[in-house]
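New notebook page. I'm jotting down what I look up in this one, a bit at a time.

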Amino acid sequence: MWNVWLLKPGELTLKGENRKSFEGILKSNLQRLMAKIENRIKIKFTMGRYYIEAPQEKSEEVENVLSRLIGISGWAKTFSCEKTKEAVFSACVELGKNLYKSGVKTFKINARRTDKSFPLTSYELCCLAANEITAETCELKVDIHNPDDVINIEIREKAFVYSSGKKGIGGLPVGCAGRGMLLLSGGIDSPVAGFLMACRGMTIDAVHFHAYPYTSIESKQKVIRLAETTSLYCMGINLYILNFTQVQMKIKKNAPEEWVTVLLRMAMMEAALKAAQKTKCKCLITGESLSQVASQTIENLSCTQNRISLPVLRPLIGFNKEAIIKEAKRIGTFNTSIEPHQDCCTLFVPPHPVLRGNVAEANKLYEALELEGLIEEALQGYELVKCN
């Protein structure tokens, strides 16, 4: 037995002449994800709707994928039937019974006729279908103002009957907005930043700075798991791991103590820029939130990005920590992020870091460190982890 799901594209329906290219990317993403489940799964697109037909035993896997698919506003398992009054009403009654079993007490019906040759108007469909449902399931009541659920009828090339279904992530399909390089740490913020940029259609690569033996192998594995979880939404992530021990130690040894964190961030940004240029990324992405920590004051953000020639995107810049944590829990990265493994950014944090750094002074200190060779060495010795 096969089941059918109806998918509703989200924001891309607002696009103009580019809409077809956005729809094509969404369809390609969907095909790629469904192929991992079952090569017999069928995907159809018509009139602003996507339909998936899959074996019943694959239902849970299909819905797991749909819950992570960026670009759809929602989906619902649907009854698909012939365009006859009898078939449509029968499907409505069957759905009504299922809703009642799940605890629904009140409902209303929405009807839409794309095929105007169907003998009933949308209004007539709503009225007659509601009569059929209440006649067969007396406990269900119509409530057009505040129903527990909504039964939708769509008359297209076939008839589709479905309930409210489940809410999707929305956003734009991954792959329609270029490629960005995410600076991925082991903390809570950066995976969320990558997810939010993927929701704007961006393909994500990531770079992580490891400082073995000062940071443990476990801390690196933690970041790989964060990348793997985030990649479930991003259509995969290429994670570049750089050993930054020598860079960090030189900064620690030669820089004024209060400047260590800002100068390390400057070095990371420079390395990320070079990695982005090599991988054809068009921007850098960070998990920075304004004034959350000392390195994220507006003055220090100015210092850390002033040498960067690509745009630096900070999707969390106006988020508070509670909002970031909420998103991290939603995408499943939070529990991994709070595991107690130190990362490169938390090593050697000075007790009294500079809070309002001056760009000119930051540049003077940074240039005196002469880190170019060490950064290039770290880039050449990268480790690539493909998270698919």
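Leaving aside its neighbours within four places in sequence, which residues is A159 in contact with? I'm taking contact as heavy atoms within 4.5 Å. My list for A159 reads F79, S80, C81, E82, K83, V88 and E154.

A note on the source before I go on: this is a predicted model, where local features need pLDDT of at least 70, side-chain atom pairs count only at pLDDT 80 or more, and totals for chains, interfaces and linings use all residues. Residues are numbered from 1 along each chain as its sequence is written, and side-chain values use heavy atoms, with hydrogens and water left out.

Back to A159. I find A159 in strand β8, residues 159-162 (strands are DSSP runs of E, at least two residues, and helices runs of H or I, at least four, numbered from the N terminus). A159 counts as buried because its relative accessibility is 0% (buried is under 20% relative accessible area, exposed over 50%, partly exposed in between, with a 1.4 Å probe and protein chains only).

Next, rings. I pair rings of Phe, Tyr and Trp (its six-membered ring) if their centres lie within 6.5 Å; planes under 30 degrees apart are stacked, over 60 edge-to-face, the rest tilted. That gives me five aromatic pairs. One of them is F45 with Y50: centres 4.6 Å apart, planes at 45°, so I log it as tilted. F45 is partly exposed at 32% relative accessibility, while Y50, at 1%, is buried.

I also looked up F209 and F244, whose centres are 4.6 Å apart with planes at 55°, so that pair is tilted. Both F209 and F244 are buried.
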